[in-house]
Amino acid sequence: MRSLMHMSLRTISNAMKRDNETNENKRNKTKRRSIRALSFVSFVSFIFVCSVSLVLLRAQTPAPAINADLRSALDYISEDSLRGHLSFIASDLLEGRATPSRGLDIAAEYIAAQFRRAGLEPVGDDGYFQTANWKVVETPDTGFAFSIGNGSERFALSRAQISYPGDAGFDLRDETLVKAVLAEVEANKPSAEGYEGRVLITDAEGKNLNEVARILGPLRPALILIVDRTTARGRGYAPPRLIDPEFQRPGQQSSPLAGIVAHEPRLGALYDSLPSGPTTAKLTLSIPARVERPVKLRNVVGLLRGSDAELKETYVLVTAHYDHVGMRTDLEGDQIFNGANDDGSGTVAVIEIAAALSKLKTRPKRSIVFMTVFGEERGLLGSRFYGRNPIFPLKQTVANINLEHVGRTDSSEGSQVNRATLTGFDYSDLGPIFRAAGEAVGIEVYKHEKNSDAFFGRSDNQALADAGVPAHTLCVAFIFPDYHQVGDHWEKIDYPNLAKTARMTALALVMIAENRAAPRWNTENPKTMKYVEAWKKLQGSGSGVGN
């Protein structure tokens with residue numbers, strides 16, 4: 001009976017266990033169904049949200065409508081035309097277009113001629129020129145002489161063999177040289193007696209001019225002659241220094257201690273033969289003092305008048321700088337910094353876009369201002385001059401698109417064919433407009449995560465942004481081979497890509513000019529705070545941003 005009872009209990013227990021497992025399985029199946037149902041609902045919700053977001057994004061920046069008139073204008077932009085313009089702008093004839101220089105003036109005249117050919121309205125104080133009447137301090141080209149000798153040994157140097165950054169003039173005839181060895185002066189710290197008011201000769205011993213001046217300055221010499229026994233070419237005189245009368249600020253001053261470097265390896269042996277202190281060596285030196293003269297610097301500006309009765313009094317500004325860094329006579333071989341990509345490419349794109357949009361039978365609602373500016377390489381001079389002296393009210397200037405480095409696709413980061421970016425990409429709502437224009441012509445417009453914000457203040461858009469105008473620079477290659485080197489030649493430009501980039505820019509300009517809503521700063525981005533405040537001040541209101 002005990003066995004039967006045990007069997008019965010085991011049977012009942014197993015049955016109960018099976019029932020429990022069955023119930024648990026049912027609960028698990030129900031739970032899994034619920035999870036699957038929730039997952040499905042979440043997935044559907046996700047798809048719905050994405051779809052709505054995409055629709056909203058497209059609603060904010062609709063695909064551009066390109067009718068036959070606009071298509072014809074865009075197709076007018078030509079690789080060959082861009083190549084023709086740039087082969088002149090970046091030619092050796094213009095000698096690197098330094099600010100100021102004859103080459104810069106020739107470039108300005110050429111750009112004005114192209115604006116005239118396109119039928120743009122001249123809106124400057126002198127035809128297509130907005131003139132900045134500044135002053136320049138420079139050393140005259142004539143009157144230089146340099147010879148040094150000891151006994152029968154004598155060396156005559158040309159101006160190309162010296163480097164003199166000072167302002168003062170010199171007229172020395174057989175001036176006795178006093179040798180000052182830097183290491184001895186540093187160790188012994190002699191008094192100024194025997195050195196004051198004299199011409200010292202020294203070897204730089206690997207030190208730069210400022211370090212030499214620090215060591216020998218306490219001796220109060222009239223002039224320090226530094227022997228460079230390694231090279232035979234110098235920088236010549238200091239570059240011209242500009243004075244903006246609006247600020248009456250002469251800019252960077254040269255060191256009060258005059259120092260001149262003589263680049264002649266043969267002088268090393270002469271120097272070594274001299275004893276410390278007074279010597280029998282003589283110096284004859286003639287350098288004319290720097291003089292101040294008036295100079296005209298010019299922004300080149302033309303207007304494509306808008307068609308809308310109201311909106312034609314508002315302006316879209318497209319810019320590029322037409323200057324570069326000039327020449328360096330101390331270099332062997334090529335001495336001209338032609339600046340084809342920087343920023344000849346932007347300059348000729350402005351010219352070509354102006355010519356193309358002037359072909360439109362129906363002009364955009366807003367007016368478009370085409371401007372090339374001077375002096376970017378010397379500190380955004382031309383764009384800041386315009387910002388202080390605008391031809392058109394900044395309050396009615398809705399956007400500035402600046403073009404720079406748009407010709408080379410061989411970026412230091414790899415090929416940039418069919419790609420472009422904006423500095424400060426998400427500082428305003430202009431980024432999506434260019435992205436839509438890029439999609440229409442086959443260019444990916446993207447935000448460069450490292451350089452987009454970092455380069456915002458390094459080009460002429462900064463001057464307009466500081467005034468409150470939504471302003472960005474369009475760029476293809478931030479850094480490229482030959483950047484600020486003599487090898488930045490017009491033959492290295494990717495002209496098919498430049499033409500496509502110019503078409504995209506032209507289309508984006510039309511999109512901005514046709515839209516009754518003006519571009520706006522992104523108030524959610526903390527980096528735009530000062531620009532938003534400048535915009536509010538510009539509009540004379542503390543209310544929201546935009547029209």
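Helix H10 passes helix H13 in a right-handed crossing, and that pair makes a handy way into this predicted model. H10 covers residues 430-441 and H13 covers residues 495-514. Their axes come within 9 Å and cross at roughly 130°. An angle like that falls in neither the parallel nor the antiparallel class, so H10 and H13 are oblique to each other. On the H10 side, the residues that meet H13 are Leu 430, Ile 433, Phe 434, Ala 436, Ala 437, Gly 438, Ala 440 and Val 441. Facing them from H13 are Lys 500, Met 504, Thr 505, Leu 507, Ala 508, Met 511 and Ile 512. Sorted by class, the residues of this contact come out as 12 nonpolar, 2 polar and 1 charged.

One residue of that contact is worth a second look. Ala 436 sits in helix H10, and it counts as buried because its relative accessibility is 7%, under the 20% cut-off. Ala 436 and Ala 508 are 72 residues apart along the chain, yet their C-alpha atoms are separated by 8.1 Å. Both alanines are on the list of residues where H10 and H13 meet.

Stepping back to the whole protein, the secondary structure comes to 14 helices and 21 strands. There are 547 residues, and 50% of them count as buried. The accessible surface amounts to about 25600 Å², with 53% of it belonging to carbon and sulfur atoms. As for how the chain meets itself, take the contacts with a separation of 6 or more: residues 24 or more positions apart account for 83% of them.

H3 (79-89) and H4 (102-118) pack at an angle of about 155°, with their axes 10 Å apart. Angles over 145 degrees count as roughly antiparallel, and H3 and H4 are therefore placed in that class. H3 brings Gly 84, His 85, Phe 88 and Ile 89 to the contact, while H4 brings Ile 106, Ala 107, Tyr 110, Ile 111 and Gln 114. That gives 6 nonpolar residues, 3 polar ones and no charged ones.

H4 also packs against H8, here at an angle of about 15° and with the axes 9 Å apart. H4 and H8 are therefore roughly parallel to each other, and their crossing is right-handed. From H4, the contact takes in Tyr 110, Ile 111, Gln 114, Phe 115 and Ala 118. From H8, it takes in Thr 347, Val 350, Ile 351, Ala 354 and Ala 355. By class, this contact has 8 nonpolar and 2 polar residues, with no charged ones. Tyr 110, Ile 111 and Gln 114 of H4 turn up in the contact with H3 and again in the contact with H8.

Ser 358 ties in with this part of the model. It lies in the loop between H8 and strand E15 (367-373). With a relative accessible area of 17%, Ser 358 is buried. Leaving aside residues up to four places away in sequence, Ser 358 touches Ala 118 and Leu 304. Ala 118 is also one of the H4 residues in the contact with H8.

Between Thr 99 and Pro 100 the peptide bond is cis, with omega near -5°. Pro 100 belongs to the loop between H3 and H4, the two helices that pack in a roughly antiparallel way. Another cis peptide bond runs from Asp 342 to Asp 343, with omega near -10°.

Asp 174 has a phi of about 50° and lies in strand E6, residues 170-179. Arg 220 has a phi of about 55°, and its place is the loop between helix H6 (209-216) and strand E8 (223-228). How exposed are these residues? Asp 174 counts as partly exposed at 46% relative accessibility, and Arg 220 likewise counts as partly exposed at 46%.

Key
Residues are numbered from 1 along each chain as its sequence is written. This is a predicted model: local features need pLDDT of at least 70, side-chain atom pairs count only at pLDDT 80 or more; totals for chains, interfaces and linings use all residues. Side-chain values use heavy atoms; hydrogens and water are left out. Axes are lines fitted to C-alpha atoms, for helices over the stretch in contact, and angles run from 0 to 180 degrees between N-to-C directions. Helices (H or I, at least four residues) and strands (E, at least two) are DSSP runs, numbered from the N terminus. Angles under 35 degrees count as roughly parallel, over 145 as roughly antiparallel, 65 to 115 as roughly perpendicular and the rest as oblique. A crossing is left-handed if the near helix is turned anticlockwise from the far one by less than a right angle, and right-handed if clockwise. Contact means heavy atoms within 4.5 Å. Ala, Val, Leu, Ile, Met, Phe, Trp, Tyr, Cys and Pro count as nonpolar, Asp, Glu, Lys and Arg as charged, and the others, Gly among them, as polar. Buried means under 20% relative accessible area, exposed over 50%, partly exposed in between (1.4 Å probe, protein chains only). Accessible areas come from the Shrake-Rupley method with a 1.4 Å probe; for residues, only the protein chains shown count as cover.
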